[in-house]
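Hello,

Here is the structure I promised to pass on to you.

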Amino acid sequence: MVEWTDSERAIINSIFSNLDYEEIGRKSLCRCLIVYPWTQRYFGGFGNLYNAETILCNPLIAAHGTKILHGLDRALKNMDDIKNTYAELSLLHSDKLHVDPDNFRLLADCLTVVIAAKMGPAFTVDTQVAWQKFLSVVVSALGRQYH
C-alpha cells in the first residue's frame with residue numbers, strides 16, 4: 001500500500017480541481033498517439049489516424065481522452081486502494097484489449113507534459129513529485145494483470 005502525505009493529497013486534489021477534462025484528455029491522448037505512433041494500433045476502430053492533423057481532429061480520440069481522465073477520478077477517490085480500484089480495468093486491458101502495459105507509462109508521461117504546460121510555473125518540483133507518484137501508482141495498478 002502506498003502512503004500519501006497530506007501535502008501530496010492536497011496537490012493531487014488541486015490538480016484535478018482545476019482540470020478541463022475535455023481539453024487535457026484530448027491533448028494528452030493525441031500527444032501520445034502522435035509522439036508514439038505504435039500506440040495507434042489499439043485505436044483501429046477510431047477511423048483515420050494517418051497523420052497528426054487527423055488525430056487532433058478526431059472526435060473519438062477526444063472523447064476517449066476525456067474518458068481516460070474521468071477514469072483517473074476513480075484513483076483520486078480511492079487513493080488508498082488504487083490497486084484494487086483498477087483491478088477490473090487492468091484485466092480488461094490485458095486479457096481483452098491486449099494493450100502493451102508500457103503504453104500506460106507513455107500516456108502518463110504525455111499527460112504530465114500537458115498538465116505541466118497548462119499549469120506553467122505552478123507546476124513546481126513538489127507538484128511534479130506528487131503527480132509522478134500518483135501516476136506511477138496508477139500505471140502499476142493498470143499493469144497488475146500482466147505480472
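I34 counts as partly exposed, because its relative accessibility is 33% (buried means under 20% relative accessible area, exposed over 50%, and partly exposed in between, with a 1.4 Å probe and protein chains only). Please keep in mind that this is a predicted model, in which local features need pLDDT of at least 70 and side-chain atom pairs count only at pLDDT 80 or more, while totals for chains, interfaces and linings use all residues. Residues are numbered from 1 along each chain as its sequence is written, and side-chain values use heavy atoms, with hydrogens and water left out.

Together with V35 and L56, I34 forms a nonpolar patch on the surface, with about 230 Å² of accessible area. (Patches take residues with over 30% relative accessible area and no salt bridge; like charges are joined within 9 Å, and nonpolar side chains, meaning Val, Leu, Ile, Met, Phe, Trp and Tyr, within 5 Å. The areas come from the Shrake-Rupley method with a 1.4 Å probe, and for residues only the protein chains shown count as cover.)

I34 sits in helix α2, residues 21-35. The chain has eight helices and zero strands (DSSP runs numbered from the N terminus: H or I of at least four residues for helices, E of at least two for strands). Of its 147 residues, 43% are buried.

Now to the salt bridges (a side-chain nitrogen of Lys or Arg within 4 Å of a carboxyl oxygen of Asp or Glu). By this rule there are six. One of them joins E8 and K133, at 2.9 Å from N to O. E8 lies in helix α1 (residues 6-17) and K133 in helix α8 (residues 125-142), so this pair ties together parts that are 125 residues apart in sequence. E8 is buried, at 13% relative accessible area, whereas K133 is partly exposed at 24%.

R9 pairs with D80, their closest N and O atoms being 2.5 Å apart. Here D80 belongs to the loop between α4 and α5 (82-85) and R9 to helix α1, so parts 71 residues apart in sequence are tied together.

Through shared partners, salt bridges join E23, K27 and K118 into one network.

Enjoy exploring!

Best wishes
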